[in-house]
Protein chains: 2
Amino acid sequence: MNDVIFDRVALIGLGLIAGSMSLAMRRAGVAREITGYARSQATRDTAREIGLVDRVCDSAAAAAEGADLVVLAVPVGAMGAVAAEIAPVLKPGAVVTDVGSVKRSVLEAVLPQIPEGVQFVGSHPMAGTEHSGPRSGFAELFDNRWCLIVPPEQADEGEVRRLEAFWAALGATTERMDPDHHDIVCAVVSHVPHLIAYTMVGVADDLRRVTDQEVIKFSAAGFRDFTRIAASDPTMWRDVFLTNKDAALEILGRFTEELFALQRAIRTGDGDTLHDYFTRTRAIRRGIIEAGQDTDAPDFGRAKKSV
Amino acid sequence: MNDVIFDRVALIGLGLIAGSMSLAMRRAGVAREITGYARSQATRDTAREIGLVDRVCDSAAAAAEGADLVVLAVPVGAMGAVAAEIAPVLKPGAVVTDVGSVKRSVLEAVLPQIPEGVQFVGSHPMAGTEHSGPRSGFAELFDNRWCLIVPPEQADEGEVRRLEAFWAALGATTERMDPDHHDIVCAVVSHVPHLIAYTMVGVADDLRRVTDQEVIKFSAAGFRDFTRIAASDPTMWRDVFLTNKDAALEILGRFTEELFALQRAIRTGDGDTLHDYFTRTRAIRRGIIEAGQDTDAPDFGRAKKSV
């Protein structure tokens, strides 16, 4: 049992991340009361039914009123509007954070709404599954995962540390980053890989010479990893690309440039270029295994399933 | 214990696939003697040291002589030369197969070398790991995996069935396919996804604004699945792209076309196009889970690792 870090925590949005936060907060005992709000009546009903938070409110302001920590857990494109809605009721001394995958645009949308005496500090818990909605959360989601902490300039150091302690209590390892660097790192390790996976799955789906049934049957040959990351929440990912446009387009430009070089090597039969390129990429994989971010078990740590 | 299907089996090449075949053959008891040959002296020494096969020979011909089944387990680009080398010693009534990831070019390279009275039938076991070499094999590699069987025209039906029974005894589920269809299906589900993964890993490695350390630390955000498939054997993959050029270039062309459409949607802020596309790709993922080719556990079936 940790000590209480925030007396009352309000979760605005009750999807995978917020639901998992509620369960992880209870596991750690870091909050005395957890309130919650979701825009959809069905989500609020489900949250009440399964007791996801202590009190489900019928407006974002009602949930945020009197809270010591307010977590904006809505798609990135909705952050500014939600911040404006709760601003009038925010308690002096409260901390507001978000859990969005993009940071520059969230800071720009949210900071102007935050009243004096309230501290906003961005969070980005790098954890997720392909599932969404109030029933998809689980207390272990953040265990041993990174949570990037993105304070605005002149943030109060004490409040930033308090938020870091909060995420650590939920199981995450925190690291501070400035918003622009955050957005380019995430474009490389997450946003563009997701876009590429979506595209490859779309190509397979369109190709009439190969049936859907064949794509599915033979997916273990490499394609499965693409479908895994292409199944995430469409609204969340739409907003990521609309709000992290510059970094995403920069990385996409580099990607297509390199892909065309390899495509040319295939067309011209330049085996040396292909071999050199494929040799170089092995090193990063080794680094990931050494960093403990994956397993090198022969079956990649997957449970064997019968077909 | 199965019945013996081939009295003597010769493995030409002693890497991950051949090594796993030897261990799986012993587990199933489908061969009385297993001979083997590898081009590299070091590989032959290791194979002798660990007893990977019953008898390690110093030439491909010595291993193949008198064998009832000869398995060509070398990179696709080397198949024709190996077939020519062993052709003079092949036993009448023998079956020759390969384990290459491409089939049209293997048939074209190998078939002209096969003497009368010997039957060639292609195999493609769709199983692998990122490891290679004689120590990387394990008996379970083919369990519940597909093995595509690609008979040439006018193949002897009895011998094709015998080869199917052999792969089934090694744990695989077989399916017959004609060579051209095989090559396009594999371009979609395996070859192009691998090329894309290699490219994305290369981009990350090149990007000086994001350190290698950051790419590795935050890889769980999606990028890890790319490095997983980008770590396979460079020689094998070079040969795949050189020999399945037409299908790979066709699928790559479709991929870049779709990627550019999404890139344009990002640039113009067209959220509807992005949302529609991302929604459509979820269906294939659901299909893969329903087909039992992956797990829908919240952590994707991965063991949790500390960082």
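This is a predicted model: local features need pLDDT of at least 70, side-chain atom pairs count only at pLDDT 80 or more; totals for chains, interfaces and linings use all residues.
View 1. About 11,500 Å² is buried between the two chains. Carbon and sulfur atoms give 67% of that area.

**View 2. Polar groups across the interface of chain B and chain A.** Eight residue pairs are in polar contact here, both residues at pLDDT 80 or more. Salt bridges across the interface number zero.

**View 3. Helix α1 (residues 16–28) of chain B.** The helix has 13 residues, which at 1.5 Å a residue should span 18 Å. Its end C-alpha atoms are 18 Å apart, so the model agrees with that expectation. B:Gly29 follows the helix. The phi of B:Gly29 is positive, near 65°.

**View 4. Packing around α1(B).** Ten of the 13 residues of α1(B) are buried, so the helix is mostly covered. Among the buried residues are B:Leu16, B:Ile17, B:Met21 and B:Met25. The buried residues pack against four strands of chain B, β1 (6–12), β2 (31–37), β4 (69–72) and β7 (122–125). They also pack against helix α6 (157–169) of chain B.

**View 5. Cysteines without disulfides.** The whole structure holds zero disulfides over all chains. B:Cys147 is in none, and its nearest cysteine sulfur, that of B:Cys186, is 11 Å away. B:Cys147 counts as buried because its relative accessibility is 0%. A:Cys57 is buried as well, with a relative accessible area of 6%.

Conventions:
Residues are numbered from 1 along each chain as its sequence is written. Chains are lettered from A and ligands numbered from 1 in the order in which they are written. Side-chain values use heavy atoms; hydrogens and water are left out. Helices (H or I, at least four residues) and strands (E, at least two) are DSSP runs, numbered from the N terminus. The expected span of a helix is 1.5 Å times one less than its number of residues. Buried means under 20% relative accessible area, exposed over 50%, partly exposed in between (1.4 Å probe, protein chains only). Contact means heavy atoms within 4.5 Å. A disulfide is a pair of cysteine sulfur atoms within 2.5 Å. Buried area is the accessible area (1.4 Å probe) that two parts lose on being put together, summed over both. A salt bridge is a side-chain nitrogen of Lys or Arg within 4 Å of a carboxyl oxygen of Asp or Glu. A polar contact is a pair of N or O atoms within 3.5 Å; within protein, one must be able to donate a hydrogen and the other to accept it, and residues adjacent in sequence count only if both atoms are side-chain atoms.
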